[in-house]
Amino acid sequence: MRQFDKTIISCAVTGAIHTPTMSPHLPITAEEIAEEAIAAAEAGASIVHLHVRDEETGEPITDLELFREVAERVAAGCDAVVQPTTGGAPTMAPEERIRVVPELEPEMASCNMGSINFGLYQLVEKYDEFEYDWEADYLSGTRDLIFRNTFEDLETILPVFDDHGTMPELEVYDVGHLYNAKHLLDRGLLSTPLHIQFVMGIHGGIGASAKNLTHLVDVADDLFGDDFSFSVIGAGRNEFPLGTQGVSMGGNARVGLEDNLYLERGRLAESNAELVEKMVRLTQEVTGRDVATPAETREFLGLKGQDATNF
């Protein structure tokens with residue numbers, strides 16, 4: 001694993017998992033998403049991970065005009081690395097999800113390393129009624145859903161990253177995805193150093209446990225040696241325990257309302273910044289390391305810089 005004397009905190013501002021009924025604090029409009037991203041950056045996040053939503057209903061979409069509006073607002077308001085998703089929502093085709101890279105030519109974007117079942121249907125039972133008609137159908141539909149990221153998809157998507165100078169952050173939902181990444185690296189479709197994000201606790205992916213995180217890092221060490229760095233996502237209540245473990249192992253952490261709606265048991269987070277502030281505090285208390293600035297993050301990851309983007 002590559003060593004860095006700082007810790008990179010990422011913030012995923014809105015995502016495509018949670019729906020408006022689940023929290024009144026989930027940002028929906030481009031203005032809200034940008035404001036939340038800027039506040040998260042001010043709280044200590046050096047990377048802000050962005051999705052967009054229908055501004056009337058909150059449904060996840062891939063509207064390129066909205067992506068551009070959010071990216072431009074964020075870039076004008078802070079110097080964090082703007083990282084749009086190419087994961088989109090699990091219901092979207094890869095061809096739809098990748099369009100944001102040639103459109104914005106960002107420094108970095110997420111890139112999923114394999115297909116999985118992506119179950120959100122179990123969340124329906126937690127709510128008696130939903131604010132919008134689409135929410136229950138969207139969640140229930142994942143009972144029969146494969147989040148598609150085939151080898152052919154990746155063979156098509158990865159050259160797009162390369163063509164536009166965008167670094168892929170490799171989203172790894174299970175151990176087999178690490179072997180997929182090694183295969184793609186051996187074929188020249190990926191290049192080192194890799195930046196891997198372990199996504200833990202999605203229904204259909206690897207479980208969110210300390211033992212599983214240790215195993216993921218061990219396998220990555222075996223496959224990639226000193227040519228990778230990693231970050232950790234713990235879904236829901238696992239956000240802070242796994243994030244803290246990850247940074248204590250020399251890695252990095254992602255927080256945000258995409259992954260977790262609660263600041264603590266029974267208390268909804270009122271903003272993404274609150275989640276970032278807590279992760280920054282835990283990082284400093286547990287590791288004694290400072291969090292990385294955007295400039296330090298760019299240097300460590302070898303990013304091309306904001307001036308080279310198309311927004």
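**Pockets, a cavity and a helix in a predicted model**

Glu125 sits in the loop between strand E7 (116-117) and helix H5 (133-140), and its C-alpha atom is separated by 9.8 Å from that of Ser140, 15 residues apart along the chain. Helices (H or I, at least four residues) and strands (E, at least two) are DSSP runs, numbered from the N terminus.

Before going on, a word on the source: this is a predicted model, in which local features need pLDDT of at least 70 and side-chain atom pairs count only at pLDDT 80 or more, whereas totals for chains, interfaces and linings use all residues. Residues are numbered from 1 along each chain as its sequence is written, and side-chain values use heavy atoms, with hydrogens and water left out.

On a 1 Å grid over the protein atoms alone, a cavity is a set of points where a 1.4 Å probe fits but cannot get out, while a pocket is an open set with protein on both sides within 12 Å along at least five of seven lines, and lining residues have an atom within 4 Å of a point. Grid points are joined across faces, edges and corners, and a volume is the space filled by probe spheres set on the points.

The largest pocket holds about 1,100 Å³ of space. Its lining comprises 46 residues, of which His18, Ala235, Gly236, Arg237 and Asp259 are the closest to the centre. Strand E6 (108-112), helix H9 (239-248) and strand E13 (262-264) are the elements that give two or more residues to this lining. By class, the lining of the largest pocket has 20 nonpolar, 16 polar and 10 charged residues, with Ala, Val, Leu, Ile, Met, Phe, Trp, Tyr, Cys and Pro counted as nonpolar, Asp, Glu, Lys and Arg as charged, and the others, Gly among them, as polar.

For the second largest pocket the volume is about 380 Å³, and of its 22 lining residues the closest to the centre are Asp162, Thr166, Met167, Pro168 and Ser191. Helix H6 (151-163), strand E9 (167-172) and strand E10 (194-200) each give two or more residues to that lining, and H6 gives the most, with 4.

There is also 1 cavity of 30 Å³ or more, and Thr86, Arg97, Cys111, Asn112, Asn149, Leu154 and Ile157 line the largest cavity. E6 and H6 each supply at least two residues of that lining, and Cys111 is itself buried, with a relative accessible area of 1%.

Turning to cysteines, the structure holds 0 disulfides, a disulfide being a pair of cysteine sulfur atoms within 2.5 Å. Cys11 is in no disulfide, and the nearest cysteine sulfur, that of Cys78, is 11 Å away; Cys11 is buried, at 0% relative accessible area.

Finally, helix H1 (residues 30-43) has 14 residues and reaches 20 Å from its first C-alpha to its last, close to the 20 Å expected at 1.5 Å a residue, the expected span being 1.5 Å times one less than the number of residues. Its buried residues include Ile33, Glu36 and Ile38, and the buried residues of H1 pack against strands E1 (9-12), E2 (47-50) and E3 (52-53) and helices H2 (64-77) and H10 (272-287), where contact means heavy atoms within 4.5 Å. Just after H1, Gly44 takes a positive phi of about 130°.

Definitions and conventions:
Buried < 20%, exposed > 50% of the residue type's maximum accessible area, 1.4 Å probe, protein only.
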